[in-house]
Amino acid sequence: MSTTGASADPLATLGSLPGVAESVESVRKAVDRVYGHRVMRRRSNAITSEAALRGARGSAALSGADWALEEVRRRTDFSGDDEARVVGASLRLTAEAGQLLSIWRQSPLRVLARLHLVAAAGKTDELGRPRQAGEPVDEPLVELPLPDAAEVSGRLEGLSQLIIAGGSAPALVTAAVVHGELLALRPFVSHNGLVARAAERIVLIGSGLDPKAVCPAEVGHAELGRAAYLAALDGYVSGTPEGMAAWIVHCGRAVELGVRESTAVCEALQRGAA
């Protein structure tokens with residue numbers, strides 16, 4: 001998302017795109033419903049923990065490691081093969097995201113660097129810094145044209161300035177733009193999808209929309225499927241109003257499906273089945 005020559009609050013203007021306001025309102029109502037559930041009043045910590053696990057599984061699935069939830073729950077060693085390492089990285093990121101909320105609004109680039117450091121544990125000098133000119137990117141599931149290092153640097157700085165400045169944009173819009181921009185840029189040499197979805201999580205939680213982290217958008221993104229995810233991302237990258245709106249609405253639907261997942265967990269707990 002280019003900010004050059006944009007209005008003082010370019011994120012807020014996205015809220016007026018066709019379908020976006022309706023999506024924002026639908027998400028808000030869905031979140032309010034799950035927060036009003038009887039089980040949430042008594043066992044919110046259990047719902048938060050389960051949402052984190054399911055969100056990590058969903059994010060890993062979108063990065064090519066589509067494991068059954070019970071396999072993710074059962075495993076303790078994630079060092080065996082490429083898929084196991086993706087799942088392990090996703091679990092680490094989900095846990096780390098909650099520790100970075102207070103830093104995000106003051107230093108989002110520092111948070112992104114930390115997220116990559118956590119995701120790519122075991123690498124060397126590529127950790128926690130944007131890629132440099134000529135460095136390849138290992139992100140095989142996103143095949144969009146790759147911006148060069150200079151463009152990445154400029155757009156990351158623009159995104160950082162928007163976040164630090166704050167504004168009146170709905171949380172869903174900000175989260176979708178952060179997510180989409182990081183996928184479009186792929187600023188690191190690896191793990192960009194996992195980092196982008198963790199950043200979306202941070203925005204949704206830190207904004208106050210989902211303060212208890214019980215609405216895992218990653219679950220919804222995985223349920224909607226990789227093809228729909230990439231098609232919506234194409235819309236974001238196009239920069240057209242229709243494309244941007246389609247991406248934001250897609251992200252809104254993902255949050256609603258995450259809400260549905262946690263509502264089902266609440267119902268199971270209420271029945272004593274989980």
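The expected span of a helix is 1.5 Å times one less than its number of residues. The views below come from a predicted model.

**View 1. Helix H12 from end to end.** H12 has 13 residues. From first C-alpha to last, H12 reaches 18 Å, close to the expected 18 Å. Gly-239 follows H12, and its phi is positive, near 75 degrees.

**View 2. The buried side of H12.** Five names mark the buried residues: Tyr-229, Ala-232, Leu-233, Gly-235 and Tyr-236. They cover an arc of only 150 degrees around the axis, so they sit on the same side of H12. An α-helix has 3.6 residues a turn, so residues three or four places apart point the same way. The buried residues of H12 pack against H3, helix H9 (171-185), helix H10 (192-206), helix H11 (217-224) and H13.

**View 3. A stacked pair, Trp-67 and Phe-78.** By the ring-pair rule, the model has three aromatic pairs. In this one, the Trp-67 and Phe-78 rings are stacked, 6.3 Å centre to centre, with 25 degrees between the planes. Trp-67 lies in the loop between helix H3 (38-62) and helix H4 (69-74), and Phe-78 in the loop between H4 and helix H5 (82-97), so the pair ties together parts eleven residues apart in sequence. Both residues are buried.

**View 4. A tilted pair, Tyr-229 and Trp-247.** The centres of these rings are 6.0 Å apart, and the planes are 50 degrees apart. Tyr-229 lies in H12 (residues 226-238) and Trp-247 in helix H13 (residues 241-271), so the pair ties together parts 18 residues apart in sequence. Tyr-229 and Trp-247 are both buried. Ring pairs link Tyr-229, Tyr-236 and Trp-247 into a cluster.

How values were computed: Residues are numbered from 1 along each chain as its sequence is written. This is a predicted model: local features need pLDDT of at least 70, side-chain atom pairs count only at pLDDT 80 or more; totals for chains, interfaces and linings use all residues. Side-chain values use heavy atoms; hydrogens and water are left out. Rings of Phe, Tyr and Trp (its six-membered ring) pair if their centres lie within 6.5 Å; planes under 30 degrees apart count as stacked, over 60 as edge-to-face and the rest as tilted. Helices (H or I, at least four residues) and strands (E, at least two) are DSSP runs, numbered from the N terminus. Buried means under 20% relative accessible area, exposed over 50%, partly exposed in between (1.4 Å probe, protein chains only). The arc is that of the directions from the helix axis to the C-beta atoms. Contact means heavy atoms within 4.5 Å.
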